[in-house]
Amino acid sequence: MSFPTTRQVRWLIKPAWFLACLTPFTWLTLAVFELAGLSLGADPIEETQHFIGIWALRLLLITLALTPIRLLTAQAWVIQLRRMTGLFVLFYVSVHFLNYLVPDQGLDWGAIVEDIVERPFITLGTAALTCLIMLGITSTNGWRRRLGRRWQKLHRLVYVVGILACTHFWWQVKLDTLEPTVYAGILAVLLGSRIVSYKRSKG
Ligand code: HEM
């Protein structure tokens, strides 16, 4: 099996991955301004919330899939895409949150606090965003050095984010639970693979 060189990863694969991660946001921007024949339909605020929420979740699952992919394929460079993908998750969730705060709720802080306290799926989403912000801030090499072994422990929070995000999705669906069940199933496989490799490394 051949491996890309460090130069190929830095100058080819990473920029291509960056553009790929940015594609849903580009699509959304074009649709917001009704360019290139795209549109968000009759309820643009709701459509934005759904579209960006789904992409945040997909990228989160892709971030979690990178380690098992590296283990299965022995392509160590794959792990170099993890931080960038994780930061894109934070970016997409922030857009999702801003869409909720400004166009959806009109910055009505009373209603927002009430929602966070009283609607469990919003509470879970906010908890997930809080964890992602902590992970984003400490994702730098400086924080990695400063925290030492505690860095890895802290970054296991990404598993909690996965569970919170899937539950958030599952909880707000009214009738057809197929889609959130599929995402939760993928998460279960990804977390299960962690448990298997942890047990193998101990035994
Ligand atoms: C890791 C964090 C989060 C992820 C991955 C996420 C993901 C999602 C997903 C997948 C959906 C469903 C989209 C669909 O129906 O197709 C959704 C809906 C929604 N999310 Fe989030 N979300 C997160 C955090 C938040 C936060 C922080 C808020 C606001 C405080 C929020 C508010 C909402 C709302 C209002 C909806 C639409 C509910 C409806 O249409 O009834 N989410 N989110």
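**Notebook: a helical chain and its ligand**

I began with the ligand, and the biggest part of the shell around it comes from helix 2, which gives 8 residues. A reminder to myself: this is a predicted model.

**Entry 1, the ligand shell.** Next I asked which residues come nearest to the ligand. Of the 23 residues around it, these are His50, Gly53, Gly125, Ala128 and Ala165. I then looked up which helices supply at least two residues of the shell, and found helix 2 (44-73), helix 3 (82-104), helix 5 (120-137) and helix 8 (157-172). Sorted by class, the shell holds 14 nonpolar, 8 polar and 1 charged residues.

I stepped back to the fold and counted 9 helices and 0 strands in the protein chain. For its 203 residues the globule rule gives 17 Å, and the radius of gyration is 18 Å, close to that, so the chain is as compact as a globular protein of that length. I noted the span of the C-alpha trace along its principal axes as about 50 × 40 × 35 Å. Buried residues account for 19% of the 203 residues. I also checked contacts between residues at least 6 apart in sequence: 62% of them join residues at least 24 apart.

How many residues does the largest nonpolar core have? I found 27, and Ala56, Leu59, Leu60, Val89, Tyr92 and Ala165 have the most contacts inside it. Helix 1 (6-32), helix 2, helix 3, helix 5, helix 8 and helix 9 each supply at least two residues of this core. Helix 2 gives the most to this core, with 8 residues. Setting aside its neighbours within four places in sequence, Val89 is in contact with Ala56, Leu59, Leu60, Thr63 and Leu132. As background, nonpolar side chains tend to be buried together in soluble globular proteins.

Which residues of helix 8 are buried? My list reads Val161, Gly162, Leu164, Ala165, Cys166, His168 and Phe169. Helix 2, helix 5 and helix 9 (178-202) are included in what covers them.

Notes:
Residues are numbered from 1 along each chain as its sequence is written. This is a predicted model: local features need pLDDT of at least 70, side-chain atom pairs count only at pLDDT 80 or more; totals for chains, interfaces and linings use all residues. A residue is near a molecule or strand if its C-beta atom, placed from the backbone, lies within 6 Å of it. Helices (H or I, at least four residues) and strands (E, at least two) are DSSP runs, numbered from the N terminus. Ala, Val, Leu, Ile, Met, Phe, Trp, Tyr, Cys and Pro count as nonpolar, Asp, Glu, Lys and Arg as charged, and the others, Gly among them, as polar. The radius of gyration is taken over C-alpha atoms; the globule rule is 2.2 Å times the number of residues to the power 0.38. A residue is buried if 20 or more other C-beta atoms lie within 10 Å of its own, exposed if 12 or fewer, and partly exposed in between; C-beta atoms are placed from the backbone. Two residues are in contact if their C-beta atoms, placed from the backbone, lie within 7 Å. A nonpolar core is a set of buried Ala, Val, Leu, Ile, Met, Phe, Trp, Tyr and Cys residues joined through C-beta atoms within 7 Å.
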